[in-house]
Amino acid sequence: MSSNIIAIVGRPNVGKSTLFNRLIGHRKAIMDNVSGVTRDRSYGHGEWCGKFFTVIDTGGYVHGSEDIFETEINRQVELAMNEADVILFMVDVDAGLTGLDEEFANVLRRTKKPVYVVANKADNNARMHQMGEFYAMGVGEEIYPISSQSGSGTGELLDEVVKHFKDEGIEDPDAGIPKIAVLGRPNAGKSSFVNLLLGEERNIVTDIAGTTRDAIHSRYNAFGKEFIIVDTAGLRRKSKVSEDIEFYSVMRAIRALEDADVCIVMLDATRGIEAQDVNIITLAEKNRKGIVILVNKWDLVEKDTNSTKEFEEEILSRIAPIKYVPVIFTSVLTKQRIHKAVEKAMEVYDNKTRKIPTSKLNDLLLPDIERYPPPAIKGKFVKIKYVTQLPTHNPTFAFFCNLPQYIKEPYMRYLENRMREHFGFEGVPVKLIFRKK
């Protein structure tokens with residue numbers, strides 16, 4: 001994590017996520033006119049005047065609420081403020097000074113960190129004049145009028161903010177670090193799993209399906225390797241996605257899948273493998289991602305000596321012809337085999353990025369091809385001369401032969417099986433292409 005950290009805080013619905021998206025330069029946070037859209041802390045990276053920084057978007061702070069989410073959101077806001085170097089306290093000129101703003105100002109007065117009061121929606125002269133009332137809160141020396149929608153005033157604000165940064169920061173602290181996305185249906189236990197790994201309440205957890213909305217990125221260090229672990233919103237069938245916010249949550253989860261190197265797909269053992277789980281695994285395979293299947297809540301299932309084997313066979317039969325995926329049985333509640341799951345995800349990442357020397361490929365595969373050559377078609381014999389791995393992001397192998405057009409699907413499967421026997425590639429899709437020599 002870079003040292004230059006800005007936290008955007010304030011009551012619900014003042015435009016924090018819009019400002020967050022503007023500072024990082026793209027739409028990452030979900031925005032809606034409904035209060036409480038952002039729940040967990042969300043991180044992004046930006047740059048101003050040659051200084052790089054990390055921005056934290058937070059949920060709206062509410063005082064004295066009974067709502068389960070609002071209590072948890074307040075904890076996330078406090079964690080973000082503890083982490084930050086500079087705090088942007090956002091208020092809404094259009095709505096004027098509210099009791100919630102004053103309550104939150106009391107919280108901010110206790111911090112020793114620089115606080116900037118940012119008056120949003122100050123997009124005309126009349127509104128600029130209205131912002132004077134926010135001085136009554138006694139927080140920050142000056143009020144900065146901005147429009148997070150159009151961007152006006154954000155330059156002047158950033159000019160002041162970056163003065164607090166001692167170094168130039170890192171352009172993208174996450175560049176080149178492997179990404180693991182945790183995916184699955186709502187309520188499978190994704191956020192609890194990520195929190196357990198991180199050892200902190202990074203993501204809000206409740207029994208209510210759909211608690212997580214944005215895709216939440218966190219750094220994680222284990223077994224001597226650094227990873228980014230991404231908690232995502234539960235993916236459900238299109239027909240069940242009712243509100244706009246949930247639609248965008250699902251889109252974020254799919255984008256997290258597309259950006260990931262490895263997908264941990266979490267199933268609920270009490271429900272078995274469902275159609276939507278199969279869809280998620282198929283989507284990960286189509287995007288050529290490493291895949292690990294995690295069966296959570298295994299402690300809640302009645303078991304006998306064959307339960308694990310039968311459950312695994314049921315999963316593999318449902319996702320056929322995908323046969324190469326490891327299945328791990330866990331319980332987040334009892335912390336059973338949690339680290340095994342991460343260790344397996346790292347192994348899958350190593351398999352995905354493995355490079356096999358051409359000499360080794362040919363030494364092991366050419367004898368197999370000689371023993372069982374491609375079947376002759378129309379009296380023509382296919383001769384495979386040599387094999388090499390191509391310099392791609394995923395394991396791709398080129399087989400050079402005289403008649404590539406005559407290699408059929410069953411023989412391709414035979415070659416893939418031989419490759420997996422020799423080289424493993426557990427959890428990773430392998431692509432074979434045939435070229436004319």
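Modeller: The protein chain exposes about 20,100 Å² (accessible area from the Shrake-Rupley method with a 1.4 Å probe), and carbon and sulfur atoms supply 49% of it. This is a predicted model: local features need pLDDT of at least 70, side-chain atom pairs count only at pLDDT 80 or more, and totals for chains, interfaces and linings use all residues. Residues are numbered from 1 along each chain as its sequence is written, and side-chain values use heavy atoms, with hydrogens and water left out.

Colleague: What percentage of the residues count as buried?
Modeller: Of the 437 residues of the protein chain, 53% do. Buried means under 20% relative accessible area, with a 1.4 Å probe and protein chains only.

Colleague: How many helices and strands are there?
Modeller: The protein chain has twelve helices and 15 strands. These are DSSP runs numbered from the N terminus: helices are H or I with at least four residues, strands are E with at least two.

Colleague: Where is Val332, and is it buried or exposed?
Modeller: Val332 is in the loop between strand 12 (327-329) and helix 10. Val332 is buried, with a relative accessible area of 10%. Leaving out residues up to four places away in sequence, Val332 touches several residues, including Phe193, Leu196 and Ile338; contact means heavy atoms within 4.5 Å.

Colleague: How do helix 6 and helix 10 cross?
Modeller: The axes of helix 6 (residues 190-198) and helix 10 (residues 338-352) come within 10 Å and cross at roughly 90 degrees. Therefore helix 6 is roughly perpendicular to helix 10, a label for angles of 65 to 115 degrees. Axes are lines fitted to C-alpha atoms, for helices over the stretch in contact, and angles run from 0 to 180 degrees between N-to-C directions.

Colleague: Which residues meet there?
Modeller: Phe193, Leu196 and Leu197 in helix 6 meet Ile338, His339, Ala341 and Val342 in helix 10.

Colleague: Changing topic, in what order do the three strands of the open sheet lie?
Modeller: The order is 13-14-15, and the pairing is mixed. Two strands pair if DSSP finds at least two bridges between them. The edge strands, strand 13 (384-389) and strand 15 (431-436), each pair on one side only.

Colleague: In which sense do strand 14 and strand 15 pair?
Modeller: Strand 14 (residues 396-401) and strand 15 pair in the parallel sense, over six bridges. Within that pair, Thr396 stands opposite Lys431 in strand 15.

Colleague: Which strands does helix 12 lie across?
Modeller: Helix 12 (residues 409-423) lies across strand 13, strand 14 and strand 15, and runs at about 120 degrees to strand 15.

Terms used: Parallel < 35°, antiparallel > 145°, perpendicular 65-115°, else oblique. Buried < 20%, exposed > 50% of the residue type's maximum accessible area, 1.4 Å probe, protein only.
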